[in-house]
Amino acid sequence: MDKLKILVVGANGQIGRHLVSFIQENDSLEAKAMIRKQEQASFFENLGAETVVADLEQDTEAIAKAAEGVDAIVFVAGSGPHTGKDKTIMVDLDGAVKTVEAAKIAGVKRFIMISSFDTTRAAIQDASSSFAPYVAAKHYADEWLKRTDLDYTIIHPGRLTNDKGTKKVEAATEVERNEIPREDVASVIVASLENEKTIGKEFQVVTGAKSIKDAIDII
């Protein structure tokens, strides 16, 4: 059986590196790591993963070219909540929207978006003045994706940590705000790629008591 090829957009980020590693360990998946600079390639090449150089601030066609020949796209790129508002707009909103549009051009139906924990309108209004632009960018990127005919999944992780993954989570439309290791977010992405029940769904996920597979299966 042919492996499903997954384009990881934002591969050199902390979640992205875990994700490419896990994909490469999976017998049914293989990664194509989208990176901004050629000097970032060695980490992924050592994992046996294909790399492609493209910048989210380039035009949509450059991203679409990077997506040629893949079966799914995972968007794990992010400026983070502490960068300037310009990068928040250019990466978390414009970069995400261009990647969605690139998926359409490249004929890639499956799309997984890593968002922020709460991207509702209320969350934008309740956020601090420094955090609100980040939440707003994520909100509109999520909305853009939901209005397409792509087979999307939107994952809203809790506060990210660099702790060792536990492989135990709580996942639902709404869960109590909590932490989750980046490593476990990567595992949740892999589980979502393997479970068609996640198509057309969005859910929050934090550390919990269920195995990732079981938690994802009942969303």
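Let me start with helix H1, residues 14-25, which has twelve residues and reaches 17 Å from its first C-alpha to its last, close to the 16 Å expected at 1.5 Å a residue; the expected span is 1.5 Å times one less than the number of residues in the helix. Helices here are DSSP runs of H or I with at least four residues, strands are runs of E with at least two, and both are numbered from the N terminus.

Before I go on, please keep in mind that this is a predicted model, in which local features need pLDDT of at least 70 and side-chain atom pairs count only at pLDDT 80 or more, while totals for chains, interfaces and linings use all residues. Residues are numbered from 1 along each chain as its sequence is written, and side-chain values use heavy atoms, with hydrogens and water left out.

Which residues of H1 are buried? They are Ile15, Gly16, Leu19, Val20, Ser21, Phe22 and Ile23, where buried means under 20% relative accessible area, exposed means over 50%, and partly exposed lies in between, computed with a 1.4 Å probe and protein chains only. These buried residues pack against several elements, among them S1, strand S2 (29-35), strand S4 (72-75) and helix H7 (182-193).

If we leave aside its neighbours within four places in sequence, Leu19 is in contact, that is, with heavy atoms within 4.5 Å, with Val8, Val74, Val76, Ala186, Ile189 and Val190.

Let me turn to charged side chains. How many salt bridges does a search of the whole structure find? The search finds 13, a salt bridge being a side-chain nitrogen of Lys or Arg within 4 Å of a carboxyl oxygen of Asp or Glu. One of them joins Lys5 and Glu50, at 2.8 Å from N to O. Because Lys5 lies in strand S1 (residues 4-9) and Glu50 in strand S3 (residues 50-53), the pair ties together parts that are 45 residues apart in sequence. Lys5 is buried, with a relative accessible area of 18%, whereas Glu50 is partly exposed at 34%.

Another salt bridge links Lys98 and Asp94, whose closest N and O atoms are 3.3 Å apart; both residues lie in helix H4 (residues 85-106), four residues apart, or about one turn of the helix. A further bridge, between Glu202 and Lys146, is 2.8 Å from N to O. Glu202 sits in strand S10 (residues 201-207) and Lys146 in helix H6 (residues 132-146), so this pair ties together parts that are 56 residues apart in sequence. Through shared partners, salt bridges join Glu143, Lys146, Arg147 and Glu202 into one network.

Finally, the whole chain. Its secondary structure comes to eight helices and eleven strands, and buried residues make up 51% of the 219 residues. Along its principal axes, the C-alpha trace spans about 40 × 40 × 35 Å. Among contacts between residues at least 6 apart in sequence, 68% join residues at least 24 apart.
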